[in-house]
Amino acid sequence: MIPTKKIVSEESVDVLIIGAGPSGSVSASYLYDKKCRIKVIEKSRFPRFVIGESLLPRCMDHFEEVGLLDRLKKCDFEVKKGARFIRGEEVCNFDFSKKHTEGWDWTWQAPRADFDNVLANELIKRGVDIAFEHEVVDVVFNEDGTSITTIKDKEGQSSTVKAKYIIDSSGYGRVLPRLLNLEKPSELLNQSSIFTHVKDIKRPEGWEGTRITFDVIDRRVWLWVIPFSDDTTSIGYVGPTEFIESFEGTQTEKLAKMLKLSDYYGDRFEGVDFLFNPVEIKNYSKSVTQLYGKGYVLTGNSAEFLDPVFSSGVTFATESALLAAKLIVKELQNEEVNWEVEYSDYIKKGVNVFATYVKEWYTGNLQEIFFHKPENPEIKKQICAVLAGYVWDETNPFVKNHHRLVKTVARIIEMEKEEANS
């Protein structure tokens, strides 16, 4: 029999939040302002490295609503006003100020270690209880939805937290999906990624040096380049798992070989030092059987981990986190909440839009629309709104009819090409 450390403390809260990243921070800020008793459990010690360094304008609405935006604005993160996609000699630029949906026309490119640490420290300063280096090891739910969560600290000491609700904002850790057996395979392709940060010593002056770019090497293979304001840059390859595995050597040697595939960036990053050993994530897309249950709700990447090609991670995380917190407050005030309609259906709408764009990117349909010349200004504005994260705006045809419109427009382009060549 394995000896266990005895439980050294017990406490009771309204809401237990698992994870102190952007999703957990947005939930915590909203709930704390509503005078809820909350506790945040975070497995890591901050600052800590995490991927997802390119944000979308939509998430600025969330940080502003919960009172975190002003603190973030003081940090001098690199401003992101759009995105560039390159395919050989072809270039497609998106400007967030030219989009269908009204809303923010800029956001940030930020090292998540710094970004998340700023959010967490601001919450601590306000009085939010965040327990770092604490890991959730077990959760037991009662019939009424209340729960007892067992937590282990870095010394191995155990404690319990009784909560009326749990918000799982654990991101890629996916705590409740694992403990409650909620995981299911994603419908997206098996893609993998390898990435690092570099000291960008050959960075050009001006916008060319700071714009975020996706360099399309092949239909399913692309390189991201995300410059930060401190002259470092995040670089990473995404491709089929077998493609990533086809490169031999150390992680550093593998990524160095891949960088030579980029005609546009090969020279800029040749011979630069990697600031840490490249990290590899295999088959990263994940899904779940349900987004909520009695006494708990999954937010952000805990619920669905999508392909990073459109940088949807943080926006999805903060959108779901804010909505979950609002609905929990309603229930605490004895108001009726239809979680299926008000949360699950709503979040799935946005996820499904993002997922369609991911799928159609890899079929090649979306790439054909992006790089088609001459551009259609109205279509570009509508797609730009999607890329800015406004995927719940059904006045946008490319949101409302996402399942068929991308295919339809790509087919029209294909027919035009066939007619021109006949």
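## S262 and its surroundings

Apart from neighbours within four places in sequence, S262 is in contact with D215, I217, L223 and Y237 in this predicted model. S262 belongs to the loop that runs between helix 8 (251–259) and helix 9 (266–269), and its relative accessible area of 2% falls under the 20% limit, so S262 counts as buried. A polar atom of the S262 side chain lies 2.9 Å from the backbone nitrogen of Y265.

Seven strands make up an open sheet of mixed pairing, in the order 5-4-13-14-15-12-16. Its edges are strand 5 (90–95) and strand 16 (279–281), each of which pairs on one side only, and the twist from one strand to the next averages 15 degrees. Strand 4 (residues 82–87) pairs with strand 5 in the antiparallel sense over six bridges, and C92 in strand 5 is the bridge partner of F85.

Helix 8 packs on the sheet, where it touches strand 12 (191–199), strand 14 (221–227), strand 15 (232–240) and strand 16, with its direction at about 90 degrees to that of strand 12. Helix 11 (residues 339–363) also packs on the sheet, touching strands including strand 4 and strand 13 (213–218), and its direction makes about 125 degrees with that of strand 14.

## Helix 4

The 15 residues of helix 4 (residues 112–126) should span 21 Å at 1.5 Å a residue, which agrees with the 21 Å between its end C-alpha atoms. Its buried residues include R112, F115, D116 and E122, and the elements covering the buried residues of helix 4 include helix 1 (22–33), strand 6 (107–109) and helix 10 (313–332). After helix 4 comes G127, whose phi is positive, near 120 degrees.

Technical notes
Residues are numbered from 1 along each chain as its sequence is written. This is a predicted model: local features need pLDDT of at least 70, side-chain atom pairs count only at pLDDT 80 or more; totals for chains, interfaces and linings use all residues. Side-chain values use heavy atoms; hydrogens and water are left out. Helices (H or I, at least four residues) and strands (E, at least two) are DSSP runs, numbered from the N terminus. Buried means under 20% relative accessible area, exposed over 50%, partly exposed in between (1.4 Å probe, protein chains only). A polar contact is a pair of N or O atoms within 3.5 Å; within protein, one must be able to donate a hydrogen and the other to accept it, and residues adjacent in sequence count only if both atoms are side-chain atoms. Contact means heavy atoms within 4.5 Å. The expected span of a helix is 1.5 Å times one less than its number of residues. Two strands pair if DSSP finds at least two bridges between them. Axes are lines fitted to C-alpha atoms, for helices over the stretch in contact, and angles run from 0 to 180 degrees between N-to-C directions.
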